[in-house]
Amino acid sequence: MGKGIRITIAASLFPFLFISTAQSDPASWLSPGSRINPERETPEFLIGSKPLSPTELLGKLLFNSPSLLGEKSIRMGLSCNSCHPAGNRNPQFFIPELSKEAGQVDLTNRFWFEGAEDGKFNPVTIPSLQNLRKLGPFGTIAPKNTITEFTEHVITAEFGGPKPTEFELNALVSYMKRIGDESTGRLSPSPPLNKYLELLIDPIKVKDSNAIQRISGLLREELGRRRGHATNNESYSKIAKQLKTIAQTPDEAPKLLNQLLQAAVDQ
């Protein structure tokens, strides 16, 4: 992991973490006719020639995690990537009580949390986040001057999610700034699993139990997504169990992580 990087995660996020890794079928929390995720994986185009840094990799995990947006989104299985697959817009997104047409959503609605209601049914078209760093002001409902302000506003004021830690917010914004399109970026394959697992190296080294638990949870979510596309997913199940053990037994964590890194080289 990058030199000098130490990940510290607020313990207040743990309830959302545990719900997200053991959620019931998201469809049971959605109205009939709802469609929140793209039918297929969307190609990702990254700006620049370098692979994602450790901070950007963490941001990508957060971008894909319902735990970032709060309890309602966790139950639905809704993440940033649901509305903005690989930074693009999702023209299939539709929730009957929130969408007038496919590709729209009302974010000022008590559906998300009571304080969000503005008394109007006013869904907006989901925008693309590709090439976001070249745009501004940011946002359609309450435009902000910086990507950081915009991102925190979306998480807390629109979805009612928990306030992200400074490190999480920085990681998320760092990743979002790398997202381009076919004309500005290069097609990027999914990062190898061992690169994600390396995010645990520094937290384990400094015995940051909060960060170990948070990142382990995010990694188990990533494994769940990969299992959905794999023909033989038994290895992913084993890795997920080992990650849970790492989070629960810090004294064994260095040895277990080393075993995982050796086993995950080709995945």
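Modeller: Happy to, and please keep in mind that this is a predicted model.

Biologist: How many cavities of 30 Å³ or more does the structure hold?
Modeller: Rolling a probe the size of a water molecule over the atoms shows where empty space is left. With the cut-off at 30 Å³ or more, the number of cavities in the structure is one.

Biologist: Nice. Which helix supplies the largest share of the lining of the largest cavity?
Modeller: That cavity has a volume of about 310 Å³, and 21 residues line it, with His84, Phe150, Val154, Glu158 and Phe159 nearest its centre. At least two lining residues each come from helix H4 (80-83), helix H5 (147-158) and H6. The largest share is four residues, and the helix that gives them is H5.

Biologist: And how many residues of that cavity's lining are charged?
Modeller: By class, the lining of the largest cavity has 15 nonpolar and five polar residues. The charged count there is one.

Biologist: H6 came up in the cavity lining, so let's stay with it. Are H2 and H6 roughly parallel or roughly perpendicular to each other?
Modeller: Two packed helices are described by the angle between their axes and the distance between the axes. For H2 and helix H6 (residues 166-178), the axes are 7 Å apart and the angle is about 95°. Angles of 65 to 115 degrees count as roughly perpendicular. H2 and H6 are therefore roughly perpendicular.

Biologist: How many nonpolar residues are in the contact of H2 with H6?
Modeller: On the H2 side, the contact includes Leu58, Leu62 and Phe63, and on the H6 side it includes Phe167, Leu172 and Met176. Four residues of this contact are polar and four are charged, while the nonpolar ones number eight.

Biologist: Which strand gives two or more residues to the lining of the second largest pocket?
Modeller: This pocket has a volume of about 250 Å³. Of its 16 lining residues, the closest to the centre are Pro51, Leu52, Leu57, Pro191 and Lys195, and by class the lining has ten nonpolar, three polar and three charged residues. Two elements give two or more residues: one is helix H2 (54-63), and the strand is E5 (186-188).

Biologist: E5 is also part of a sheet. Which residue in E4 stands opposite leucine 46?
Modeller: The sheet is open, with three strands in the order E4-E1-E5 and antiparallel pairing. Strand E4 (179-180) and E5 are the edge strands, each pairing on one side only. Two bridges join strand E1 (residues 44-46) to E4. Opposite leucine 46 stands isoleucine 179.

Biologist: Last one: are H9 and H10 roughly parallel or roughly antiparallel to each other?
Modeller: The axes of helix H9 (residues 209-227) and helix H10 (residues 234-248) come within 9 Å and cross at roughly 170°. Residues that meet include Ile212, Leu219 and Leu223 in H9 and Ile239, Leu243 and Ile246 in H10, and by class this contact has nine nonpolar, three polar and four charged residues. An angle over 145 degrees counts as roughly antiparallel. H9 and H10 are therefore roughly antiparallel.

How values were computed
Residues are numbered from 1 along each chain as its sequence is written. This is a predicted model: local features need pLDDT of at least 70, side-chain atom pairs count only at pLDDT 80 or more; totals for chains, interfaces and linings use all residues. Side-chain values use heavy atoms; hydrogens and water are left out. Axes are lines fitted to C-alpha atoms, for helices over the stretch in contact, and angles run from 0 to 180 degrees between N-to-C directions. Angles under 35 degrees count as roughly parallel, over 145 as roughly antiparallel, 65 to 115 as roughly perpendicular and the rest as oblique. Contact means heavy atoms within 4.5 Å. Ala, Val, Leu, Ile, Met, Phe, Trp, Tyr, Cys and Pro count as nonpolar, Asp, Glu, Lys and Arg as charged, and the others, Gly among them, as polar. On a 1 Å grid over the protein atoms alone, a cavity is a set of points where a 1.4 Å probe fits but cannot get out, and a pocket is an open set with protein on both sides within 12 Å along at least five of seven lines; lining residues have an atom within 4 Å of a point. Grid points are joined across faces, edges and corners, and a volume is the space filled by probe spheres set on the points. Two strands pair if DSSP finds at least two bridges between them.
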